[in-house]
Amino acid sequence: PGLLLVVADGVGGRPGGEVASALAVEAMSCYVQTMVPWVLTAAETDRERLDAWLRGALRRTQTRMRRLAIERGLDPRMATTFTMACVTGPDLVVAHV
């Protein structure tokens, strides 16, 4: 078993930060729901695969967030910070944008 923790906070001074952070969490949630069994298995056996998964998850989240913004007619300049941590046993892997 493990935990996947996500924190997103809109970038100050940019329009729609609160929307951007909500979209980022929504996009990551959609992706993670399909990948959680693999992630937890990989975390137990292969740290490099987990690191690669986290980087890929961030890229996919960014792509989905941009697509959702376009579909919903939102300001394309909106931005958010995004931090994700995967905890498995005694290990912690963190990704941040």
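Predicted model: local features only at pLDDT ≥ 70, side-chain atom pairs only at ≥ 80, totals over all residues.
**Notebook: pocket, core, sheet**

I started with the lining of the largest pocket: H2 gives the largest share, nine residues. Helices and strands here are DSSP runs numbered from the N terminus (helices H or I, at least four residues; strands E, at least two).

Residues are numbered from 1 along each chain as its sequence is written, and side-chain values use heavy atoms, with hydrogens and water left out.

Back to the pocket (an open set of points on a 1 Å grid where a 1.4 Å probe fits, with protein on both sides within 12 Å along at least five of seven lines; lining residues have an atom within 4 Å of a point). I noted a volume of about 410 Å³. Of its 18 lining residues, Gln62, Met65, Arg66, Met78 and Thr80 are the closest to the centre.

Next, I looked up the largest nonpolar core, which has 20 residues. Such a core joins buried Ala, Val, Leu, Ile, Met, Phe, Trp, Tyr and Cys through side-chain atoms within 4.5 Å, buried being under 20% relative accessible area with a 1.4 Å probe, protein chains only. Met28, Leu54 and Met84 have the most contacts inside it. H2 leads here too, with eight residues.

Last, the sheet: three strands, open, antiparallel, in the order S1-S2-S3. Strands count as paired if DSSP finds at least two bridges between them; S1 and S2 (residues 80-88) have nine. I found Val6 opposite Met84 in S2.

Technical notes
Buried < 20%, exposed > 50% of the residue type's maximum accessible area, 1.4 Å probe, protein only. Points joined across faces, edges and corners; volume = space filled by probe spheres on them.
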